Amino acid sequence: MDMDFEACRRAFQTRDARFDGRVFGAVKTTGIYCRPICPARTPKAENMTFYPSAAAAQEAGYRPCLRCRPEASPDLGAWRGTSNTVSRALALIEGGALDGGDVDALAARLGVGERQLRRLFRQHLGAAPITVAQTRRVLLAKQLIQETRLPMAEVALASGFGSVRRFNETFQQLFGRPPGALRRLAGEASAETAGVTVKLPYRAPYDWDAIIGFLTARAIPGVETVSARRYARTLSVEGATGLVVVAPGEGDFLVAEIRFPKLKALPAVIARVRRVFDLTADPHRIGAHLSQDEALAPLVAARPGLRAPGAWDGFEMAVRAILGQQITVTAARNLAAKLVATYGEPIEDAAAAKLGLTRVFPTPERLVGQDIAALGMPRARGAALEALASTVAADPAIFTPRADLESAIQALSSLPGVGEWTAQYIALRELREPDAFPHADIGLLRAMAAPDGTRPTPDALLARSQAWRPWRAYAAQHLWAADAAEPETKRTKTHDRHAA
């Protein structure tokens, strides 16, 4: 933890929201751990201990506070920039890597040893990987109990508990009472009829207008629909199809309404919403680092809440990137719409139908062996998409995090139709690599042009960007935003970055 005891205690005494999600305070006399903003009186110093994560506090034997609700704190990637291995591991855990697997297998997927992974978790989060997974499960269950009317059996299933008995035992052990005793809302409503609505916190500021503008320009008819205050789309997870609707909340959180027939998929769906809307970023930390560069400082000041939008699915991301090569955003979106209309699976959901959402994006298996070029694109591009589908169908794990950014780029660049730029872009949006940086991008070069209009070479930009590490993905986002704000005459009309 990068804060000493006195700094932590001052954060609690002043209820400083800037430290919410970065530190948790445990009280020896009550056995409870809290957020810095907890309204309860600050305990005596000799009774307090501080932890870098909720999992560390829970591993030490403390239970979450019922007043400040640690599950409602921003899920910050504070370790990002100090250990990308931990960040990648957390992304896999969010996707359920430890629900059916063990730490050995998780470490192997990341290209590190099991002991090394445990050491990194202990160093950056203060807890073991298994504890982190268990704590996430408990906090999600507590959130569902207190924010929804789901029956307890559905809460247990949706939060990843293997059985209702295990769910009940865990809550009885942690809170000294059955889970139903924590419920705040009266009555029950099954997810099948009402869906699940959850609040997803973030660290302010958050530039909702920027991210919704990005999604609006790329929304595929039939799959996505966007308005100023709402984003909705169909989604396929673990073989089940459903609907996700996201809107800004009345506070530092987004509200996600999720309608999925497979409740066990809920943690994976929530993880995707966090990823697409980049809810785990710490804009203060990132902005402070990037502002040290004189070219980036005014851009960060102008857009302090700018996020790096993620992707819903790696295969979809790669297809869209290839479709968009050398054509406009609108043309790429129209091609994607044709692809969905021809090969996308229909979805039967009354709520989706009301929003005009009728299909899910095609799976790789659906595109294998198809004449995709017949939709209206060069034969080589259609062949690349078909080859991509065949490759991903044979290796569905191709888009999971690797040991490091370089190995991820190498693996992605081996995909049909994927070059260096596209690989960096997929790493940025799908793998959530905070240091991914397509340095040859024309938009980035334009944004870094000298006052006389002279653009840097890609090599010169790559050298300049070394000082922006490990947050180059966010530097790219600021540069793209600055480039997009320039008059159209200064920009080319066709560019794959805009279309992906």
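Two strands count as paired if DSSP finds at least two bridges between them. In this predicted model, strand β7 (residues 230-237) and strand β8 (residues 240-248) meet that condition with seven bridges, and their pairing is antiparallel. One of the residues involved is A232, whose bridge partner in β8 is V245.

These two strands belong to an open sheet of five strands, arranged in the order β5-β9-β8-β7-β6 with antiparallel pairing. The edges are formed by β5 (196-201) and β6 (224-227); each has a single partner strand, so one side of each lacks a neighbour in the sheet. From one strand to the next, the twist averages 25°. Helix α11 (residues 208-218) packs on this sheet and touches β6, β7, β8 and β9 (253-259). The direction of α11 makes about 140° with that of β6. In general, the strands of a sheet pair through backbone hydrogen bonds, either parallel or antiparallel.

A separate topic is the cysteines. A search of the whole structure finds zero disulfides. A disulfide requires two cysteine sulfur atoms within 2.5 Å.

| Cysteine | Closest cysteine sulfur | Sulfur distance | Relative accessible area |
|---|---|---|---|
| C38 | in C68 | 3.8 Å | 6% |
| C68 | in C65 | 3.8 Å | 5% |

Terms used
Residues numbered from 1 in each chain as written. Predicted model: local features only at pLDDT ≥ 70, side-chain atom pairs only at ≥ 80, totals over all residues. Heavy atoms only, no water. Buried < 20%, exposed > 50% of the residue type's maximum accessible area, 1.4 Å probe, protein only. Helix = DSSP H or I, 4+ residues; strand = E, 2+ residues; numbered from the N terminus. Axes fitted to C-alpha atoms, helices over the stretch in contact; angles between N-to-C directions. Contact = heavy atoms within 4.5 Å.
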